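Have the structure open and follow along.

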Amino acid sequence: MDEHNEQQQQRLDKLHQLQEKGLRPFGTSFPTTHTLDTIVKTYSSLPKEELEATPIACTVAGRIMAMRRFGKAAFAGLQEEGHRLQVYLKKDVLGDQAYELCQSLDLGDWIGVEGRLFRTKTDELTVEVQTLTFLTKGLRPLPEKWHGLTDIETRYRQRYVDLIANPTVHGVFRLRSRIISTIRTFLTDREFLEVETPMMHPIPGGATARPFVTHHNTLDVDLYLRVAPELYLKRLIVGGFRRVFEINRNFRNEGISTIHNPEFTMLEFYQAYADYQDLMDLTEQMFQQLSVEVCGSPTVDYQGQQINLAPPWPRLPYLDSIVEVNHLDQAILSDHHKAMEAAQSLGVAIPPKASHVDLLVSLFEETVEPTLIQPTFITDFPIEISPLARKKESNPTLTDRFELFIGGREIANGFSELNDPIDQRQRFEAQVALRDAGDQEAQHLDEDFIRALEYGMPPTAGEGIGIDRLVMLLTNQASIRDVILFPQLRPDYTS
């Protein structure tokens with residue numbers, strides 16, 4: 001028997017011993033008076049003399065993360081939601097029977113204790129336990145070297161172990177919750193209505209992405225996990241809602257990387273009577289408020305870079321950015337041969353049979369995006385890559401669209417919405433032609449959405465913000481897997 005299995009067997013033996021003594025190794029409710037976090041925050045500054053003069057009683061619970069036994073006494077370190085507190089177990093206080101229970105305790109077990117606060121000789125805030133309740137027996141030992149667990153596979157596949165071993169991980173996900181809550185408040189304060197739209201679509205739409213497909217047996221139809229809620233949210237604007245938003249999951253059948261997960265969280269919001277310029281202003285306000293409320297400052301540290309989220313942010317047209325960042329001649333924007341030469345000189349990989357727009361997109365993605373560290377709006381995208389955005393009145397080859405880049409990656413995408421049903425049909429048909437030519441990410445033609453536009457959608461601006469990437473920025477995490485509790489991974493056939 002290997003060491004791991006031997007430890008598990010020892011725990012099973014202790015489980016049976018508890019049961020033979022009439023104790024429940026998997027207990028029921030245990031009301032507490034404090035969380036460990038509350039104890040530390042409230043009483044950590046009280047001196048020893050004050051705790052002795054005015055005893056403070058408490059009932060707390062947690063997982064045992066450390067145990068030191070000294071014959072007739074023991075110290076245990078409890079952990080709850082990433083916070084830790086020491087408890088003192090003394091035989092002449094607990095009594096023989098209760099103290100004997102201490103011998104069955106292992107790292108990873110859950111206990112509840114009732115007692116009073118005091119300070120040890122080393123001045124550590126501690127609970128002197130008067131009553132001990134066994135709550136749950138841990139049958140599997142913590143991984144070897146669990147303290148500060150760094151093995152990526154274990155951390156992501158077994159997030160529960162990661163949360164046990166790395167208390168700081170709790171903080172990241174508490175901040176994630178706070179970020180989302182702050183966004184909700186920001187939008188509802190501005191009279192946006194939170195809504196929910198379908199997660200399964202008969203026609204995938206709203207983004208250039210490859211969908212996941214499933215099948216509904218009763219209806220005998222294929223359905224698609226949504227790639228974006230956009231077309232449904234715009235239907236609500238058609239129906240008369242003035243401002244709407246949704247925070248929910250999107251699903252895209254794409255690669256997995258440090259910035260991509262097939263299942264991710266997106267904020268999308270739409271505002272009638274507004275244009276993309278209005279949403280850029282709103283986005284600056286939102287990000288500054290988030291940074292100040294969550295991080296305490298408009299400046300955040302991200303992977304060694306100081307990023308200043310205080311507005312205003314630069315606004316640079318898409319095509320101009322390619323020319324300016326790479327110091328190229330404006331001729332590359334219209335001359336395919338010169339653009340090809342520029343791409344080759346810059347070491348940019350060119351897709352086979354690339355159109356001129358494809359070539360410019362490759363130049364932008366490989367040479368411009370990595371340079372956009374400070375918040376920057378890239379505006380006025382070519383119409384070929386913006387099938388749902390309104391044409392610029394001053395130049396119909398471009399659109400009233402922006403993308404926000406921070407830290408060298410896209411964080412948000414917004415535009416003045418296309419509300420002309422005739423133009424929209426033509427754009428969809430162009431996308432269908434791309435699909436027929438083999439582009440599996442090109443969008444489908446959605447007849448019902450066109451019908452909705454034919455009833456009339458007021459001038460509207462809409463935006464999508466990647467919540468996971470935003471959380472990465474505000475919590476200084478390098479990988480999207482560090483801000484998603486259960487990221488998608490390759491199957492592990494060894495476990």
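## The barrel

Arg 69 sits opposite Ala 74 in S2. S1 (57-69) and S2 (73-80) run antiparallel, joined by 6 bridges; strands count as paired when DSSP finds at least two bridges between them. Their hairpin leaves 3 residues between the strands, and Gly 71 there takes a positive phi near 75°. Strand and helix labels are DSSP runs numbered from the N terminus, with at least two residues (E) for a strand and at least four (H or I) for a helix. This is a predicted model, in which local features need pLDDT of at least 70 and side-chain atom pairs count only at pLDDT 80 or more, while totals for chains, interfaces and linings use all residues. Residues are numbered from 1 along each chain as its sequence is written, and side-chain values use heavy atoms, with hydrogens and water left out.

So where does that hairpin belong? S1 and S2 are part of a barrel that 5 strands close in the order S1-S2-S3-S5-S4, with mixed pairing. Ignoring direction, neighbouring strands here are turned by 55° against each other on average; axes are lines fitted to C-alpha atoms (for helices, over the stretch in contact), and angles between N-to-C directions run from 0 to 180 degrees. S1 also pairs with S4 in the antiparallel sense, over 7 bridges, and Cys 58 stands opposite Gly 115 in S4. S4 and S5 are antiparallel too, over 10 bridges, with Thr 136 in S5 as the bridge partner of Trp 110. Helix H2 (residues 36-43) lies across S1, S2, S3, S4 and S5, and runs at about 90° to S3.

## The open sheet

The other sheet to look at is open, with 8 strands in the order S6-S10-S11-S18-S17-S16-S15-S14 and mixed pairing. Its edges are S6 (193-194) and S14 (315-317), each of which pairs on one side only. Inside that order, S15 (residues 376-379) and S16 (residues 401-406) run antiparallel and share 4 bridges. Phe 377 stands opposite Leu 404 in S16.

H11 (residues 318-326) touches S14 and S15, and its direction makes about 90° with that of S14; contact here means heavy atoms within 4.5 Å. H8 lies across S6, S10 (243-251) and S11 (263-272), running at about 150° to S10.

## A helix pair

Next, take H14 (residues 421-436) and H15: their axes come within 9 Å and cross at roughly 160°. The two are therefore roughly antiparallel to each other, given that angles under 35 degrees count as roughly parallel, over 145 as roughly antiparallel, 65 to 115 as roughly perpendicular and the rest as oblique. H14 passes H15 in a right-handed crossing, meaning that the near helix is turned clockwise from the far one by less than a right angle. At the contact, Pro 421, Gln 424, Arg 425 and Phe 428 of H14 meet Glu 447, Phe 449, Ile 450, Leu 453 and Glu 454 of H15.

## Salt bridges

The chain has 28 salt bridges, each defined by a side-chain nitrogen of Lys or Arg within 4 Å of a carboxyl oxygen of Asp or Glu. One of them joins Asp 106 and Lys 137 at 2.5 Å, N to O. Asp 106 is in the loop between H5 (96-102) and S4 (110-119), and Lys 137 is in the loop between S5 (125-136) and H6 (152-157), 31 residues apart. Asp 106 and Lys 137 are both buried (under 20% relative accessible area, with exposed over 50% and partly exposed in between; 1.4 Å probe, protein chains only). They also belong to a salt-bridge network with Lys 14 and Asp 109.

Asp 468 and Arg 176 pair at 2.8 Å, N to O. Asp 468 lies in H16 (residues 467-475) and Arg 176 in H8 (residues 167-188), so this bridge ties together parts 292 residues apart in sequence. Asp 468 counts as buried at 4% relative accessibility, and Arg 176 counts as buried at 12%.

Arg 235 and Asp 448 form another salt bridge, at 3.0 Å, N to O. Arg 235 is in H9 (residues 230-239) and Asp 448 in H15 (residues 447-455), 213 residues apart. Arg 235 is buried, with a relative accessible area of 16%, whereas Asp 448, at 35%, counts as partly exposed.

## The whole chain

How many helices and strands are there in the chain? There are 16 helices and 18 strands. Buried residues make up 48% of the 495 residues, and the C-alpha trace spans about 85 × 55 × 50 Å along its principal axes.
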